[in-house]
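Dear colleague,

Please find below the structure that I am handing over to you. My notes on what was found in it follow directly after.

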Amino acid sequence: MSDRIHFCISFSLLLFMVGLVIAPSSSQSTSSEPPLHYQAPVQSHQTVQKFLDEESEQTAFVSINIKEVVPETKNREIEQYIPLNVVPQIMAGKTEQQSPVTAPKPKIQFQQQSRPENQRSSRAVRQKLEQTVATANNLINQSENSFTRGLLPLVDYNLALNLAYDSKIKVAALQNRDRIKLQLLNEKRNLIQNAVEQLQSMNQPAAQGWYGDLVHARLILAQNDYEIAGAIRNRDLQQAALGQINRFANEYHAVRVEEFRVGEAGLGEFRRASRAVNLARQEQNFFNGVKKDETSLMDYTEDLRQIESAVDWFASNGAGMGRADLVDLSKAHLNYAQGKYYQNQNRESDSQNYFNDSLEQSKAAWEMRIDQYYPRGTASLHDITTTWILWNASGSALSESKSNQSVTIKQDITAGLDRMVNIADQITDRRGRMASDISLVHCLKNSEFLDELKNSQKK
């Protein structure tokens, strides 16, 4: 409780430092939803892959028979930094090398599925799969190049790597080459390890957010080790990696909270760190067979409420951090988390209401960005893309509980993705990080094809 009070006091000081002492043009908006009452334990139904998908911001697509719920997106526009050194004294100057999870390199066997009765269709599918792999490889190479040159933040680099390698793993599964999954996971691990070493070698405590990024990179590496350990079914390695995940998640959160208190970390970074702790605790309970977890989700939801209140305050005072799309996104994140809570309690009616609100709010933010802010140059292609991911996540969650609406939801979200593809194809200047942002959109479109192909093979 003292930490919460300290947080509120520090946040008030931050607002004074920013100089936003402006008379509100309208009364501060407040949430009409009553606070959550945690009357029943939260049931964890996560699998290892779902945990990793959520934390690494991967995306599944809406289909008629939804099996998974996907993560929320990132919001980077509200991140305003003041240079500050936020490095724990015990870690200053200390380097750390994580031990890799070694997995045997599988022998690659190429098997092509062909059906004599439909060779033309089979050839078209093979060509599309080859194109999907080529696009994923482009995204990997382009994002790595942008990250090493300092043009791509760590969170965006992680999103690109996860989406690209997820596409390659799906293609391998469709081609009956599941055994190369370990090879692909180890390839991704090498890139993440390189990112850790690059951040570590900078050793610039005075650089804004440097230490927080370094801890976050170590957390991402531990998550990849956890996934590899799960793939080789080594429970001891899983437990060791999970211990690293919990350790780095807590440190990542502590650093971002301290940065946020003094104005260095933005609301988006604070939300991601809070969510990392929540997911790490839930997965620890799931791994140990514990069937209830009230504290982590409660803390995460409360943090989202504080973010929503902060954005509303900025909006009522005419500040840029309270722009209309950011208001919608803060509410969409909170409603999505509350929908997950009630879904875990098997209260479908309540969860549907929250998921529906999140769907409408994220869609409104996406439309505002693509119709108004992008043409004016105040929102990037990546901003539109990450907003679409939250829209798609909310739609997936709602379709899972209301299957009668899944087709309509899918059509709407797919139309939005097609608009993004058209915008990406019209961009001619692809310097800086633009090439990787364009490939990211095409990778999302290819993932839609992969999921549809997978569903068709199940029939």
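How many aromatic pairs does the count come to? Rings of Phe, Tyr and Trp (its six-membered ring) pair if their centres lie within 6.5 Å; planes under 30 degrees apart count as stacked, over 60 as edge-to-face and the rest as tilted. By this rule there are seven aromatic pairs. One of them joins Tyr-341 and Tyr-342, which are edge-to-face, with 5.0 Å from centre to centre and 70 degrees between the planes.

Before going further, please note that this is a predicted model, in which local features need pLDDT of at least 70 and side-chain atom pairs count only at pLDDT 80 or more, while totals for chains, interfaces and linings use all residues. Residues are numbered from 1 along each chain as its sequence is written, and side-chain values use heavy atoms, with hydrogens and water left out.

**The tyrosine cluster**

Is Tyr-341 buried or exposed? Tyr-341 counts as buried because its relative accessibility is 0%; the term buried means under 20% relative accessible area, exposed means over 50%, and partly exposed lies in between (1.4 Å probe, protein chains only). Tyr-342 is also counted as buried, at 8% relative accessibility. Why is the pair of Tyr-342 and Tyr-354 stacked? The pair is stacked because the ring centres of Tyr-342 and Tyr-354 are 5.5 Å apart and the planes stand at 5 degrees. This pair links distant parts of the chain, since Tyr-342 belongs to helix α10 (residues 324-344) and Tyr-354 to helix α11 (residues 348-376), 12 residues apart. Helices (H or I, at least four residues) and strands (E, at least two) are DSSP runs, numbered from the N terminus. Both Tyr-342 and Tyr-354 are buried. Together, Tyr-341, Tyr-342 and Tyr-354 make up one aromatic cluster.

**Charges over rings**

A charge sits over a ring if NZ of Lys or CZ of Arg is within 6 Å of the ring centre and within 35 degrees of the ring normal. Lys-128 lies over the face of Phe-449, 5.7 Å from the ring centre. In the case of Arg-323, the charged end sits over the ring of Tyr-373, at 3.7 Å from its centre.

**The chain as a whole**

How many helices and strands are there in the chain? The chain has 14 helices and zero strands. Of its 459 residues, 55% count as buried. Contact means heavy atoms within 4.5 Å. Among the contacts in the chain with a separation of 6 or more, 78% are between residues 24 or more positions apart.

**Helices α8 and α9**

The axes of helix α8 (residues 267-287) and helix α9 (residues 295-316) come within 8 Å and cross at roughly 170 degrees. Axes are lines fitted to C-alpha atoms, for helices over the stretch in contact, and angles run from 0 to 180 degrees between N-to-C directions. The two helices α8 and α9 are therefore roughly antiparallel to each other; angles under 35 degrees count as roughly parallel, over 145 as roughly antiparallel, 65 to 115 as roughly perpendicular and the rest as oblique. Residues that meet here include Phe-270, Arg-271 and Arg-275 in α8, and Asp-299, Tyr-300 and Asp-303 in α9. The residues of this contact divide into eight nonpolar, five polar and five charged. Ala, Val, Leu, Ile, Met, Phe, Trp, Tyr, Cys and Pro count as nonpolar, Asp, Glu, Lys and Arg as charged, and the others, Gly among them, as polar.

**Two asparagines with positive phi**

Asn-176 is not a glycine, although its phi is positive, at about 60 degrees. Asn-176 is found in the loop between α4 (154-174) and α5 (181-202), and is partly exposed at 39% relative accessibility. Asn-203 likewise is a residue other than glycine with a positive phi, near 45 degrees. The loop that holds Asn-203 runs between α5 and α6 (210-231), and Asn-203 is partly exposed, with a relative accessible area of 41%.

**A buried threonine**

Which residues does Thr-385 touch? Leaving aside residues up to four places away in sequence, Thr-385 touches Met-420, Leu-440, Val-441 and Leu-444. Thr-385 is placed in helix α12 (residues 381-401) and is buried, with a relative accessible area of 0%. The C-alpha atoms of Thr-385 and Asp-437 are separated by 8.6 Å, and the two residues are 52 residues apart along the chain.

With kind regards
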